[in-house]
Amino acid sequence: MFTIDSEKLEKVVDLVNQEIDPRATNDVVEQTLCADRNDGEDHQQWLNNASVAEVVDWIATFYK
């Protein structure tokens, strides 16, 4: 399972709530971001380095 810094998660959730889904919770967003994926270490590096806006844009693809 992957991890995301708690401060970054809070920022991501705040922006998701503003731009995509006001009902999204920390748990839902974290589960989406940290679910088991096939791209392994690349995904963790992306979680570590992507901007909050980039992460939110990625989450938005699940809402379309």
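Colleague: What percentage of the 64 residues of the protein chain count as buried?

Modeller: In this predicted model, 33% of the 64 residues count as buried. The label requires a relative accessible area under 20%.

Colleague: What do the secondary structure elements of the protein chain come to?

Modeller: There are four helices and zero strands. Read from the N terminus, the order of elements is therefore written α-α-α-α.

Colleague: Why are α1 and α2 called roughly perpendicular to each other?

Modeller: Helix α1 (residues 6-19) packs against helix α2 (residues 26-34) at an angle of about 110°, and their axes are 10 Å apart. Angles of 65 to 115 degrees count as roughly perpendicular, and α1 and α2 therefore receive that description.

Colleague: Which residues make that contact?

Modeller: From α1 come Leu9, Glu10, Val12, Val13 and Val16, while α2 supplies Asn26, Val29, Glu30 and Leu33. By class, the residues of this contact comprise six nonpolar, one polar and two charged.

Colleague: How do you know that the radius of gyration of the protein chain agrees with that of a compact globule?

Modeller: For 64 residues, the rule for a compact globule gives a value near 11 Å; the protein chain has 11 Å, and the two therefore agree. Along the principal axes, the C-alpha atoms fill a box of roughly 30 × 25 × 20 Å.

Colleague: What share of the contacts with a separation of 6 or more comes from residues 24 or more positions apart?

Modeller: Such residues account for 66% of those contacts in the protein chain.

Notes. Residues are numbered from 1 along each chain as its sequence is written. This is a predicted model: local features need pLDDT of at least 70, side-chain atom pairs count only at pLDDT 80 or more; totals for chains, interfaces and linings use all residues. Side-chain values use heavy atoms; hydrogens and water are left out. Axes are lines fitted to C-alpha atoms, for helices over the stretch in contact, and angles run from 0 to 180 degrees between N-to-C directions. Helices (H or I, at least four residues) and strands (E, at least two) are DSSP runs, numbered from the N terminus. Angles under 35 degrees count as roughly parallel, over 145 as roughly antiparallel, 65 to 115 as roughly perpendicular and the rest as oblique. Contact means heavy atoms within 4.5 Å. Ala, Val, Leu, Ile, Met, Phe, Trp, Tyr, Cys and Pro count as nonpolar, Asp, Glu, Lys and Arg as charged, and the others, Gly among them, as polar. The radius of gyration is taken over C-alpha atoms; the globule rule is 2.2 Å times the number of residues to the power 0.38. Buried means under 20% relative accessible area, exposed over 50%, partly exposed in between (1.4 Å probe, protein chains only).
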